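This report is meant for someone meeting the structure for the first time.

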Amino acid sequence: MTTRDLPALDLDDLGTEAFRRTLRDATHEVGFFHLRHRIPTAVTDELFTVARRFFALPEADKLAIEMTRSPWFRGYTRVGGERTQGAVDWREQIDVGPERAPSARRDPAYLRLDGPNQWPAALPELRTVIEAWTARLSDLGHRLLAEWAVALGAGPDHFDAAFAEPSTLLKLVRYPGREDAGQGVGAHKDPGILTLLLIEPGSAGLQVQRDDGWFDVPPAEDAFVVNIGELLEVATDGYLRATNHRVVSPAPGTERLSIPFFFNPGLDAEVPRIALPADLAAQARGVEQDADNVIGSRYGENLLKARLRAHPDVAAAHHADLLD
Ligand SMILES: O=C(O)CCC(=O)C(=O)O
Ligand SMILES: [Fe+2]
């Protein structure tokens, strides 16, 4: 596998013309970039420490908050409990979304995704640290979206209405080592708008697909890996590109921790489409169509479809009426 660096941006340059141009070009050409985040090391260290503590909890503590108990797809998934493209992912994780009351409505079906989280009783600090991280990254997400909007010829507030009540999804993920560099998480595009991925320093394993094949993404210090999802491709008629990526399992005796944060519109929000200026519109490729993966026009539709596929046991336990 060949290594190829990603375009690099620095949050210190946010608000400049150069930042916006690189942001636009990187997500037009690659769909991925490194973003130097300027967050104090103490903050990210605390996050990885609490993640490590969570995964080190006794099995029974983690299974007490298994996602199979949650119609809202929140909580812990054991190794082998998740699927991508029908194949088993070799990772364990906890999923945390917005803390909301369950919707009284069952229709449209995606409203069933609103609900409470499951927190581990044995690790109360997990909630404090995750909620602070979610607030910090939501703020960053809003600022980045305003930059994209301006870079694409819209007003800085273009995304505000759709993101008034964002759908955030935070995962703590652990990939155990194993003999073969098999599927940690299988090839996929993220279903939403924006993903900010924090990877434990020094960890390899992430691969990104380009026109000429798959490439290893080298770890970068003090930087997020940022990528856009299918809905930003839809919003720009394919001018910006959602890119396939995957993670291969680390070597035996090692592990890989990552903390993806998905920043997305309200479940009910229509995709905030952008009318591109003529020079950009001329380079828009249209949305890549896949008969197995029809993209919905509301975030909730896309998220529900992804959740039902990734967690068939949760789907069978709580949403059998939605399965065909
Ligand atoms: O763990 C990673 O590095 C990437 C995870 C990922 O792509 C995802 O969860 O969507
Ligand atoms: Fe992903």
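A residue is taken to be near a molecule if one of its heavy atoms lies within 4 Å of that molecule. The model discussed here is a predicted one. The residues around ligand 1 are Arg 91, Tyr 175, His 188, Asp 190, Leu 197, His 245, Val 247, Arg 256, Ser 258 and Phe 262. By kind, the residues of this shell divide into 4 nonpolar, 3 polar and 3 charged.

| Residue | Distance from an oxygen atom of ligand 1 |
|---|---|
| Arg 91 | 3.2 Å |
| His 245 | 3.0 Å |
| Arg 256 | 2.8 Å |

Taken alone, ligand 1 exposes 300 Å², and the protein buries 95% of that area. As for its location, ligand 1 sits in the largest pocket.

Which protein atoms are the donors of the iron ion (ligand 2)? They are NE2 of His 188, OD of Asp 190 and NE2 of His 245, which lie 2.1 to 2.2 Å from the ion. Along the sequence, these donor residues follow the spacing H-x1-D-x54-H. Distant parts of the chain are linked in this way, since Asp 190 belongs to the loop between β9 (183-188) and β10 (194-199), while His 245 belongs to strand β14, 55 residues apart from it. The three donors His 188, Asp 190 and His 245 are also listed among the residues around ligand 1.

Two backbone details remain. Most residues other than glycine have a negative phi, and most peptide bonds are trans. Against that background, Asp 107 and Pro 108 are joined by a cis peptide bond, with omega at about 0°, and Pro 108 is found in the loop between β7 (92-96) and α4 (125-151). Arg 38, a residue other than glycine, has a positive phi, near 60°, and its place is in the loop between β3 (32-36) and α2 (41-56).

Technical notes:
Residues numbered from 1 in each chain as written. Chains lettered and ligands numbered in written order. Predicted model: local features only at pLDDT ≥ 70, side-chain atom pairs only at ≥ 80, totals over all residues. Heavy atoms only, no water. Polar contact = N/O pair within 3.5 Å; in protein donor to acceptor, adjacent residues only side chain to side chain. Areas by Shrake-Rupley, 256 points an atom, 1.4 Å probe, with all protein chains shown as cover. 1 Å grid on protein atoms, 1.4 Å probe; cavity = no way out; pocket = protein on both sides within 12 Å on 5 of 7 lines; lining within 4 Å. Sits in = over half its atoms within 2 Å of the grid points. Nonpolar A, V, L, I, M, F, W, Y, C, P; charged D, E, K, R; others polar. Donors = N, O, S within 2.8 Å, 3.2 Å for Na, K, Ca; no water. Helix = DSSP H or I, 4+ residues; strand = E, 2+ residues; numbered from the N terminus.
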